[in-house]
Amino acid sequence: MQKLDIQIAVEAEGWAGEDELEHLAGRVLEAAAEYLRREEDQPFPGMPIEVSLVFSDDEQVRAINAEWRGQDKPTNVLSFPAFPLVPGGKPGPMLGDIIVARETVEREAAELDKSFTDHLTHLMVHGFLHLFGYDHMVVEEAERMESLETRILASLGLSDPYAG
């Protein structure tokens, strides 16, 4: 059963086509949702929950980051839950928004010697977990979130992004 209704918006130049991004997002986020359901007993409502992905650029993400987080700089991914959720809590019909900055993802992928798609996949999983209430502000939460990211990415055939 499909757990997600994924909405895509491409709001900047340089991204792959919308169909390609939609296919990637569907594969990645559905795998993450299935992993959470199966391994973390994450409940899901009977109907697919809506999550939006905005494929943006550094300029737009910098402005959003400054407005909502008080940090006047771009970042790789921002997540905005529609409603507060704690890990294991049942989401409503709207999960939230994930916004990705293309230039930062490209720069980081090159620095990490990873493909753009592999790094983007990691960031989509990272942002998705934030929508479910996972965070990395304290050591214990960060370890839990990183472990989940690593296991979800392994289920997609990707290596541990935190190794080394």
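1. The largest pocket is lined by 27 residues, and Asn-76, Val-77, His-126, His-130 and His-136 lie nearest its centre. A pocket here is an open set of points, on a 1 Å grid over the protein atoms alone, where a 1.4 Å probe fits, with protein on both sides within 12 Å along at least five of seven lines; lining residues have an atom within 4 Å of a point. The elements giving two or more residues to this lining are α2 (58–69), β3 (77–81) and α4 (116–131). Helices (H or I, at least four residues) and strands (E, at least two) are DSSP runs numbered from the N terminus.

2. This is a predicted model, in which local features need pLDDT of at least 70 and side-chain atom pairs count only at pLDDT 80 or more, while totals for chains, interfaces and linings use all residues. Residues are numbered from 1 along each chain as its sequence is written, and side-chain values use heavy atoms, with hydrogens and water left out.

3. The volume of the largest pocket is about 670 Å³, taken as the space filled by probe spheres set on the points, which are joined across faces, edges and corners. α4 gives the most to the lining, with six residues. By class, the lining has 13 nonpolar, nine polar and five charged residues (Ala, Val, Leu, Ile, Met, Phe, Trp, Tyr, Cys and Pro count as nonpolar, Asp, Glu, Lys and Arg as charged, and the others, Gly among them, as polar).

4. α4 also packs on α5: their axes are 10 Å apart, at an angle of about 130°. Axes are lines fitted to C-alpha atoms, for helices over the stretch in contact, and angles run from 0 to 180 degrees between N-to-C directions. The pair α4 and α5 is therefore oblique (under 35 degrees is roughly parallel, over 145 roughly antiparallel, 65 to 115 roughly perpendicular, the rest oblique). On the α4 side the contact includes His-126 and His-130, both also among the residues nearest the pocket centre. Contact means heavy atoms within 4.5 Å. The contact residues of α4 with α5 divide into six nonpolar, four polar and one charged.

5. The axes of α1 (residues 18–40) and α4 come within 10 Å and cross at roughly 50°. α1 and α4 are therefore oblique to each other. Among the residues in contact are Leu-21, Val-28 and Leu-36 of α1 and Leu-120, Met-124 and Phe-128 of α4. By class, the contact of α1 with α4 has 13 nonpolar, two polar and no charged residues.

6. α1 and α5 (residues 139–155) pack at about 115°, with axes 10 Å apart. Ala-32, Tyr-35, Leu-36 and Glu-40 in α1 meet Arg-144, Leu-148, Arg-151 and Ile-152 in α5. This contact has five nonpolar, no polar and three charged residues.
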